[in-house]
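Subject: Structure handover

Hello,

Please find the structure below. My notes on it follow.

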Amino acid sequence: AFWKWGIPGAANYVAMQLPADTISKLGDQAQEQVFDLTEPSTLPLARQKQIIQSYQDVVANGQPAKVLFRAGGAIGTNALAIPNNTIILTDELVNLAKDDHEIIGVLAHEQGHLVERHSLKQALSSLGFSLLFVAVTGDSSSLFTSVPVAIVGASYSRNFESDADQYAMHVLDKNQISSLHLANFLARMEADARAEQKNEQQAASEVDEEGGIGSIFRSHPATQERIAAIRQFNQQQ
């Protein structure tokens, strides 16, 4: 009961009570770590501006985040929502998309994580008993030694992913964009990951070290359940 409800409850409380400047500093440290794991983007500046403009037009909804691009490096094909109100997209993810609406769907999903502070809550949950000390005393100084690392490596819970999907679906629907774009992208990611799993263990290890296509599933598991939920939402709409 403690691990199932106590820790998540404490994480939610602390995440919502932390001062904005503390959250920003934690996010800045996490962003530095992401930059250490990645390389400068090779996407043309015009292409970056085009995606950012689409994000601002469709997704931002008065709460614009800073959108940054990086070459995947150790994190490969991925998108990350950092608590300092930043979304990081890797070149590999952008290049995998067959339609810009798929990228918008990913950005809307990450916006959902930002709005609900999911990455911060997930990282705080990893602290276990130490989190209770922060919740009781209000002393957040200890968070700077562990939370930024946990933010970068956080694997979202099923509930967090579902909430972010719901946020993205409503954003897309509001802008008359089919949520099937997001479902199609997740399905393609899963198909590529399944194909990788059939490779030899050594080959799979090498791909992972180089930031292969499956790397996104460590933080964004694209399950058939999520894809089915998105398609069901689309049918209902």
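Arg 117 is partly exposed, with a relative accessible area of 28% (buried is under 20%, exposed over 50%, partly exposed in between; 1.4 Å probe, protein chains only). Arg 117 sits in the loop between H5 and H6 and, although not a glycine, has a positive phi of about 55 degrees. Most residues other than glycine have a negative phi. Gln 176 is another non-glycine residue with a positive phi of about 55 degrees. Gln 176 is placed in the loop between H9 and helix H10 (180-197), and at 78% relative accessibility it counts as exposed. Helices here are DSSP runs (H or I, at least four residues), numbered from the N terminus.

This is a predicted model: local features need pLDDT of at least 70, side-chain atom pairs count only at pLDDT 80 or more, and totals for chains, interfaces and linings use all residues. Residues are numbered from 1 along each chain as its sequence is written, and side-chain values use heavy atoms, with hydrogens and water left out.

Leaving out residues up to four places away in sequence, Tyr 55 touches, among others, Ile 87, Ile 104, Leu 107 and Gln 111 (contact: heavy atoms within 4.5 Å).

H9 (residues 158-174) has 17 residues and reaches 24 Å from its first C-alpha to its last, close to the 24 Å expected at 1.5 Å a residue (1.5 Å times one less than the number of residues). Its buried residues include Phe 160, Ala 164 and Ala 168.

The axes of H6 (residues 118-125) and H9 come within 11 Å and cross at roughly 180 degrees (lines fitted to C-alpha atoms over the stretch in contact, with angles from 0 to 180 degrees between N-to-C directions). H6 and H9 are therefore roughly antiparallel to each other (over 145 degrees; under 35 is roughly parallel, 65 to 115 roughly perpendicular and the rest oblique). His 118, Lys 121 and Gln 122 in H6 meet Phe 160, Asp 163 and Ala 164 in H9.

Regards

Definitions and conventions
Helix = DSSP H or I, 4+ residues; strand = E, 2+ residues; numbered from the N terminus.
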